[in-house]
Each structure stands twice: as C-alpha cells, then as structure tokens.
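User: I would like to go through the assignments made for this model and hear, for each, what it rests on. Please set each value against its criterion before you conclude.

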Amino acid sequence: MTQAATHQGSAGEHANLAWQQRSLDHVWNPCTQMQRARTAVPPLPIARAQGPWLEDFEGRRYFDANSSWWVNLFGHADERINAALKDQLDRLPHVMLAGCTHAPAVELAERLSALTGGVLGHVFYASDGASAVEIALKMSFHFWRNRGHEARREFVCVRHGYHGETLGALAVTDVTVFRDAYDPLLMRAHMVMSPDARQAAPGESAADVAARALADVRVLFEARHEHIAAIILEPLVQCAAGMAMHAPEYLRGIRALCDEFGVHLIADEIAVGCGRTGSFFAFEQAALPGEPALWPDFVCLSKGISGGYLPLSLVMTRGGIFDAFLDDDVARGFLHSHSYTGNALACRAGLAVLDRFDEDDVLAANRIRAAAMSAALGPLHGDERIEHIRQRGMMWAFDVRESFVGERFAERFHLAGREQGLLIRPIGRTVYLMPPYVLDDELAQWLAARTLSTLSITLAQTPRTDAARAPEPPVA
Ligand SMILES: Cc1ncc(COP(=O)(O)O)c(C=O)c1O
C-alpha cells in the first residue's frame, strides 16, 4: 500500500479492525487504561468527519455528542474555518512569537480583548489548556513577587475542580483518578467547598448552596489572604467533575471576596468559554442584568477557541497585571514560553471562530438550539432511573441513580452508544451532551432519542442493586 493510500484508509470489510490493531500496537491513548482498550474498548477508528458526524473506515457514522472533548464548536471540517486555514497555510503557518509578531496573533488578541470591553487587554498564548493554567498561576505569583508581596504564593482551588494534568494544573485539580498517583509530586493548594447545586438540602436553592460555598472561601481568606496569590475556578460548570453546575451568584460573590481581600481571580474558561454556557465568556453571567460587567483577573481559554482544529490556549489579563512585569530587569518579565506559542494557523482558526460568532449570531441561534434540545429531552423528566437533570447553554447532563448503574456503567453506556451511532462518554454515572453548535430540530430529536435508547439498552443489562458499590472513577 502506498503512503497516500495508508493515510486515506480503505473501506474494506476489516478496515476498522486493522486500524484498531495497528493503533493498539503503537499508540498510547490519553486518559485510557490500555489493558481495557486491548480487551474491551478498542479505540474507535475514525477515517473522516463532516459536521457533527464522525465516520469510521467502514462507512459507519457516529454523532460527536461531546464535540470531541468539548473543542469542536461548529462541526468538523467547517467550510469557513477550512477556507481560513487554507489561506493561512499559504501565507504563514508559523513563526516564533518571541521577538516576532504576526497578524493572526495580533488580531485575535485585539478581538478577544474587545469582547471584555478592553478590561482583559493583554493576551499570552500557549497551546493546550493545562499550559494556560500553568501560565495564569505563574503570572499571578510573579505579579505579587514583582510588587513586593513575596508571601503571596498559595493558591486556592475548588473541591472537584479540574484544570488539567501537568503538575501545576494537577496541583489545583481535585479529581482523584487523575491526581492520586502523582500527589507526592504536587504543590499544596487550599481546597474550598464546591458550589455544586446538587448538594442542595431539601428546601435549599442553588443560590443557597453558593452562599454556603462562599462562606467557606471567606473563612479561608480571613485566615490566609496575605499568603494567597489567587483562587482558580471553573465558572458555572465544573465539567470534569461530572458537569456540576452552580448558581451565577457564586461568581459574583467570589469577585467581591477577591476584591475585599486582594486575591487574584483566575477563571478557567477552557471548557465553558466560547459560548458553551450561553454567553461568550461564562463569567459574563456574574453580573446582574443592567449592572456593569464583572471580570476575573485572568481568563484561561482553550478548546473551542480554535474550533476543534489546532491546539491553542491563551491567558487574558488586565493592564495592571501586565504593567507589573515592565522593568529594565529581564528577570522581572514573564519569561515563560512554548515553541508553538501563538502559532499562526491556530490563531487564524481562532479568528475564523470569532467570525462565525459574528456572522451567524451564534449566541442567539444557540438559544433556539438549546430550547429544541431541552424539549427533545423532555421524556427524561419523571424517569425514576435518573436524577439531577440539568442544563446550561449548550450543555445537558443527568445522573443515573446509584441503584441502577451497576458495574462499569460509563464504559457500557459508551459501547452501547457506539451501536446507536453516538460518540458519547459518561463521566462516572453522569451522562452528558455537549454537542457542536449545529443542532437543528431534527438532529436534536435524533440525539435525544438515541441517548434515551442507549440509556435503556445499558440499564437493561444491569442487575438492579440497592447494595452500596464502589463509585466508578469519573473519567471524562
Ligand atoms: C476546565 C478545564 N481546564 C483545563 C483543561 C485542560 O486542557 P487540556 O486538556 O487542553 O490540557 C480542561 C480539559 O478538559 C478543562 O476542562
């Protein structure tokens, strides 16, 4: 077989199997117990993709119900993003950003800054989400150091939060399955209560839970604020925790506490940014309607910003923070870098994504899509097998009750989903949908019906038990 034929693959009878075997022989998959991949859940071999559909090497299609790990905003191989990238490819695929600059990096920074009314006017680029988190943590610490507050070197994170898997990001992450093996390597961080609305006691609202979580932060800040550089959180939805949603009052309250105690606020919008929660930045929902906007001190953005095309992440921050690094002394500058920082193709994809938002009024169109999807999921309400049905913007989730899940629920659901033409990966007993922004009524009906049939097929295989079980590790 020629090299070209190898890359295109063939739609032969056993083509999937062949690619799976070659992959298992040499590719070490992320977030995967490879023994399980070899024995029970081989990787789904994908030959091509169009819109929300992935197609395997034998022509079978799968709806990408989690937007390929939450990155693919407008479907795969989007015509307009493709065209922008093809144009950029012929002009300037990449140039180092230390000592050089280029139009896509400049324009993307300008346009993102404008979306914050210029408040977060400085943009530092990286590649993956975890790198952006590392940068925000380092920048905050270094800011305080440059300002003579060397004692401010502690970080606060939120119970069940997830910020990535490099060592710094993992240190502010609280998802046991990702963290435990490396715990001895990690810096210590303070952990405050999650505002997850599912913790509401009878009679309590989501805002009441948020108030309790804020009280926890206040206690910590009162005791330690002179040592704390920043608090990091995922605004509105703690995604890897199992789509744990909270009231916007929490963001508002955290902003006020950070102002009161002089602590930086880092909003990790890597998963929830780019319109996913209904506003371009999730943090926009912190302010009450008609009030001036509230902003964090740092926003980390990745995933959706390049439309699911290329690794791109970035940290946006305020002029006051940027200025603290200006000095004749090189070492007081922010000397962090990655080789692909501000890659021109990735930034151009980011610009094409912002163009899509402007040209198609995506936020308004998503409100219509969200209503259609919620209506299509109507039959979930009243289903005794599930609890905590929730939605925010273009995200839907529900939890299967403990007594129904059985062993390896997420894995069995995922495999049943494949048979139903869905790429869907529950987190523990949480089933969620985070589809690309291309749903119409018909697709919403189809997606809801297939999700429900996948649920029924999975639970039909499960002997119901009321006995306590060890919870399944939540792997996104
Ligand atoms: C909130 C959040 N932060 C950080 C990350 C890490 O991003 P990456 O996987 O690109 O390193 C993720 C990834 O899921 C995330 O959801």
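User: What is the strand order of the open sheet of four strands, and what kind of pairing does it have?

Analyst: In this predicted model, the strands of the open sheet run in the order β1-β2-β3-β15, and the pairing is mixed.

User: What makes β1 and β15 the edge strands?

Analyst: Each of them, β1 (46-50) as well as β15 (422-423), pairs on one side only, and this is what marks them as the edges.

User: Why is W70 called buried?

Analyst: The label requires 20 or more other C-beta atoms within 10 Å of the residue's own. W70 has 23 other C-beta atoms within 10 Å, and therefore it is classed as buried. This residue, placed in helix α4, also has a positive phi of about 80° although it is not a glycine.

User: What makes up the side of domain 1 that touches domain 2?

Analyst: Domain 1 comprises 3-77 + 362-460 and domain 2 comprises 81-360, and their centres, taken over C-alpha atoms, are separated by 27 Å. The contact takes 23 residues from domain 1 and 26 residues from domain 2, where two residues are in contact if their C-beta atoms lie within 7 Å. On the side of domain 1, the elements that give two or more residues include α4 (67-70), α14 (362-376) and β13 (386-392), and the largest share, four residues, comes from α14. By class, this side has 13 nonpolar, eight polar and two charged residues.

User: Which residues are closest to the ligand, and which helix gives the most to the shell around it?

Analyst: The ligand is surrounded by 14 residues, of which D128, G129, A130, G164 and A271 are the closest. Helix α7 (residues 129-146) gives the most to this shell, with three residues. The shell divides into seven nonpolar, four polar and three charged residues.

Conventions
Residues numbered from 1 in each chain as written. Predicted model: local features only at pLDDT ≥ 70, side-chain atom pairs only at ≥ 80, totals over all residues. Domains from an automatic or database assignment. Nonpolar A, V, L, I, M, F, W, Y, C, P; charged D, E, K, R; others polar. Buried ≥ 20, exposed ≤ 12 C-beta atoms within 10 Å, placed from the backbone. Near = placed C-beta within 6 Å. Pairing = 2+ DSSP bridges.
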